[in-house]
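Okay, thanks for coming, everyone.

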Amino acid sequence: MIEQYMIWIWLAIFVLAIIIEAVTQDLVSIWFSVGSLVAMCISNFMVYWAEIIVFSVISVAALIGTRPFVKRLMDRQVRNTNTDEFVGKRLKAISDIDKYEAGSVKLNGITYTAILMEDSDEAIVKDSLVEVVAIKGNRVVVKKIDE
């Protein structure tokens, strides 16, 4: 009885696996779609329990065979930008900087808006030495350095 519906069950599993794969960003179900496609192709020639075994074996084999390659291919490394080189630089403040008022610093000949670190309450006066601790949007986050 169930054998006559197995082709439709495998088709449904195939479509569901493809939809899940399309919705997610990582490869999570593509291997099941391969297994269900093979099981669908043999569904007219085998009993349902053999189809389930074939589905399981093909899905696991596809997972084991391609996962390391796909993981290496999709390895997402953090790429540093040119602004990351600013962090740690020591500069002179070219205007006063306090908790409520942004100031300015000059870095590589370009004037940037500078703000204090969030946990810092001490104002920085003009010509004081500061260190860049982060980039926040288009602002440079600085802290005062004792000379």
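Let's start with the bend: helix α3 bends by about 45° at Thr-66, and a proline, Pro-68, follows within four residues. Before I go on, please keep in mind that this is a predicted model.

Next, which residues of α3 are buried? That list is Ala-50, Glu-51, Phe-55, Ser-59, Ala-62 and Val-70. Among the things covering them are α1 and α2.

Ser-59 sits in helix α3, and its relative accessibility is 4%, so it counts as buried, the cut-off being under 20%. What does its side chain reach? Another is the backbone oxygen of Trp-31, at 3.4 Å. If you set aside the neighbours within four places in sequence, Ser-59 is in contact with Trp-31, Phe-32 and Gly-35.

Now the phenylalanine, which takes us to the aromatics. How many aromatic pairs does a search of the whole structure find? It finds three. In one of them, the ring centres of Trp-10 and Phe-55 are 5.0 Å apart and the planes are at 35°, so we call that pair tilted. Trp-10 belongs to helix α1, residues 6-23, and Phe-55 to helix α3, residues 48-73, so this pair ties together parts that are 45 residues apart in sequence. Trp-10 is buried, at 3% relative accessible area, and Phe-55 is buried too, at 15%.

Phe-55 also pairs with Phe-32: here the centres are 6.3 Å apart and the planes again at 35°, so this pair is tilted as well. It links distant parts of the chain, with Phe-32 in helix α2, residues 30-42, and Phe-55 in α3, 23 residues away. Put together, the ring pairs link Trp-10, Phe-32 and Phe-55 into a cluster.

Okay, over to the strands. Look along β2, residues 103-107, and you'll see the side chains alternate.

What does β2 pair with? Strand β3, residues 110-116, runs antiparallel to it, and five bridges join the two. In β3, Tyr-112 is the bridge partner of Val-105. The hairpin of β2 and β3 has two residues between the strands, and in it Asn-108 takes a positive phi near 55°.

On we go to β5, residues 139-144, which pairs with β3 in the parallel sense over four bridges. Strand β4, residues 129-136, pairs with β5 as well, but in the antiparallel sense and over six bridges. Which residue of β5 is the bridge partner of Leu-116? That's Val-142, and Val-142 is also the bridge partner of Val-132. Last one: the hairpin of β4 and β5 has two residues between the strands, and Gly-137 there takes a positive phi near 70°.

That's my tour, so over to you for questions.

Notes
Residues numbered from 1 in each chain as written. Predicted model: local features only at pLDDT ≥ 70, side-chain atom pairs only at ≥ 80, totals over all residues. Heavy atoms only, no water. Buried < 20%, exposed > 50% of the residue type's maximum accessible area, 1.4 Å probe, protein only. Pairing = 2+ DSSP bridges. Phe/Tyr/Trp six-rings, centres within 6.5 Å; stacked < 30°, edge-to-face > 60°. Bend = angle between axes of the 7 residues up to and from the residue. Contact = heavy atoms within 4.5 Å. Polar contact = N/O pair within 3.5 Å; in protein donor to acceptor, adjacent residues only side chain to side chain.
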